[in-house]
Amino acid sequence: SAVNTQQAFINQIAPSAKTLASANNLYASVMIAQAIVESGWGSSTLSKAPNYNLFGIKGTYNGQSVTMKTQEWSEKEGWYWIDAKFRKYPSYKESLEDYAKLIKKGISGNADFYKATWKDQTESYKDATEHLQGRYATDKQYAEKLNAIIKAYDLTEFDHAKETKE
């Protein structure tokens with residue numbers, strides 16, 4: 001069922017997300033929710049083998065990329081299609097690591113671009129999702145979508161640093 005598939009996707013990326021988030025002062029809940037929204041629960045061509053790009057990050061990774069059509073928005077033209085290069089990863093793990101690096105190191109010329117999403121800069125994950133809207137994605141409902149997923153799938157459980165015995 002769809003629910004099982006969705007839970008399976010969360011289970012697949014949550015361990016890496018949790019480790020990376022706690023090492024980088026980020027919210028695992030937000031990381032997982034963004035992966036869900038950006039990859040359509042791991043169903044997009046970009047996120048599937050052999051690309052493993054969960055977050056729609058453009059450019060190249062270790063020289064690897066895949067070119068795909070993507071929609072861009074401009075005030076003048078509205079929505080239009082372009083060919084863009086997206087990073088291609090060996091697995092989800094590298095995609096998650098690369099995302100964490102982006103959120104921590106920012107963008108070219110602005111190291112603090114995503115700083116307001118870090119755990120120690122926020123009261124809760126809702127401050128982080130609010131900051132991502134208009135920065136990570138132009139979607140006016142972006143924060144709302146992320147918050148709804150975090151709530152529905154109880155993703156905040158991955159934000160708590162307590163060690164669980166396997």
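This is a predicted model: local features need pLDDT of at least 70, side-chain atom pairs count only at pLDDT 80 or more; totals for chains, interfaces and linings use all residues.
Biologist: Let's start with the strands. How many bridges join E1 to E2?

Modeller: There are 10 bridges between strand E1, residues 65-74, and strand E2, residues 78-87. The two strands run antiparallel.

Biologist: And what joins E1 to E2 in the chain?

Modeller: A hairpin, which gets from E1 to E2 through 3 residues.

Biologist: What's the bridge partner of Trp-73 in E2?

Modeller: Another tryptophan: Trp-73 has Trp-79 as its bridge partner there.

Biologist: OK, helices now. Which residues of H4 are buried?

Modeller: H4 covers residues 125-132, and its buried residues are Tyr-125, Ala-128, Thr-129, His-131 and Leu-132. Looking down the axis of H4, these fall within an arc of 160°, so they line one face of the helix.

Biologist: Got it. What do the buried residues of H4 pack against?

Modeller: Three helices: H2 (28-39), H3 (92-105) and H5 (142-152).

Biologist: Let's take H4 and H5. At roughly what angle do their axes cross?

Modeller: Roughly 145°, and the axes come within 8 Å. The crossing of H4 past H5 is right-handed.

Biologist: Which residues meet there?

Modeller: From H4 you have Tyr-125, Lys-126, Thr-129, Glu-130 and Leu-132. They meet Tyr-142, Ala-143, Leu-146, Asn-147 and Ile-150 of H5. By type, the residues of this contact split into 6 nonpolar, 2 polar and 2 charged.

Biologist: So what's buried in H5?

Modeller: Tyr-142, Ala-143, Leu-146, Asn-147, Ile-149 and Ile-150 are buried in H5. Seen down the axis of H5, they fall within an arc of 165°, so here too the buried residues line one face of the helix.

Biologist: Which exposed residues sit on the face turned away from that?

Modeller: Glu-144, Lys-151 and Ala-152 are the exposed residues carried by the face of H5 turned away from its buried side.

Biologist: And what do the buried residues of H5 pack against?

Modeller: H2 and H4. H2 also turns up among the helices packed against the buried residues of H4.

Terms used: Residues are numbered from 1 along each chain as its sequence is written. Side-chain values use heavy atoms; hydrogens and water are left out. Two strands pair if DSSP finds at least two bridges between them. Helices (H or I, at least four residues) and strands (E, at least two) are DSSP runs, numbered from the N terminus. Buried means under 20% relative accessible area, exposed over 50%, partly exposed in between (1.4 Å probe, protein chains only). The arc is that of the directions from the helix axis to the C-beta atoms. Contact means heavy atoms within 4.5 Å. Axes are lines fitted to C-alpha atoms, for helices over the stretch in contact, and angles run from 0 to 180 degrees between N-to-C directions. A crossing is left-handed if the near helix is turned anticlockwise from the far one by less than a right angle, and right-handed if clockwise. Ala, Val, Leu, Ile, Met, Phe, Trp, Tyr, Cys and Pro count as nonpolar, Asp, Glu, Lys and Arg as charged, and the others, Gly among them, as polar.
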